[in-house]
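Me: I'd like to go through the pockets in this one. Can you take my questions in turn?

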Amino acid sequence: MKPQLNKEAMEKSEESQISEKELLDKVIGLLNPRKRRYHGKDEPQVQEVVFKVENNSELRYVISCLLRLCMSTIDNENELDSPRLPFLSKDDAVITILELVIDILPDDQLDSYDRIEKLLLKE
């Protein structure tokens, strides 16, 4: 009888492993992870975050607001007081925002505008 119990226990164990794997696959499917990419072979993997704007005017407005926030924070003599982020200094906040601004600048788009301008204004 023992060999049969061991066989039944093994089958139940396999069934639970299968159902756990299926459950894990379902959870992974629900997570909807962000796209990940590498900048170079020696650089770490980064997550891609989509920043949606309707047009260039909206993008310019968002960048302008972020820059004004940095200027306001720098002008403020008191430290940045955030109950949610008590460990975040004013300098860290400004650096983080400025890094975000750099990342969302439409460099490729502006380069293409320069190329279009050269093409159209060729003499």
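Me: How many nonpolar residues are in the lining of the second largest pocket?
Reply: This is a predicted model, where local features need pLDDT of at least 70, side-chain atom pairs count only at pLDDT 80 or more, and totals for chains, interfaces and linings use all residues. Residues are numbered from 1 along each chain as its sequence is written, and side-chain values use heavy atoms, with hydrogens and water left out. Ala, Val, Leu, Ile, Met, Phe, Trp, Tyr, Cys and Pro count as nonpolar, Asp, Glu, Lys and Arg as charged, and the others, Gly among them, as polar. Next to one polar and three charged residues, the nonpolar count there is six.

Me: Which helix gives the largest share of the lining of the second largest pocket?
Reply: Residues in that lining include Phe 51, Leu 59, Asp 107 and Gln 109. H3 and helix H4 (107-120) each supply at least two residues (helices are DSSP runs of H or I, at least four residues, and strands are runs of E, at least two, numbered from the N terminus). The largest share, three residues, comes from H4.

Me: How much space lies in the largest pocket?
Reply: A pocket is an open set of points on a 1 Å grid over the protein atoms alone, where a 1.4 Å probe fits, with protein on both sides within 12 Å along at least five of seven lines; lining residues have an atom within 4 Å of a point. Points are joined across faces, edges and corners, and a volume is the space filled by probe spheres set on them. For the largest pocket that gives about 380 Å³.

Me: What gives the most to the lining of the largest pocket?
Reply: Strand S2 (45-47) and helix H3 (90-104) each supply at least two residues. With five residues, the top contributor is H3.
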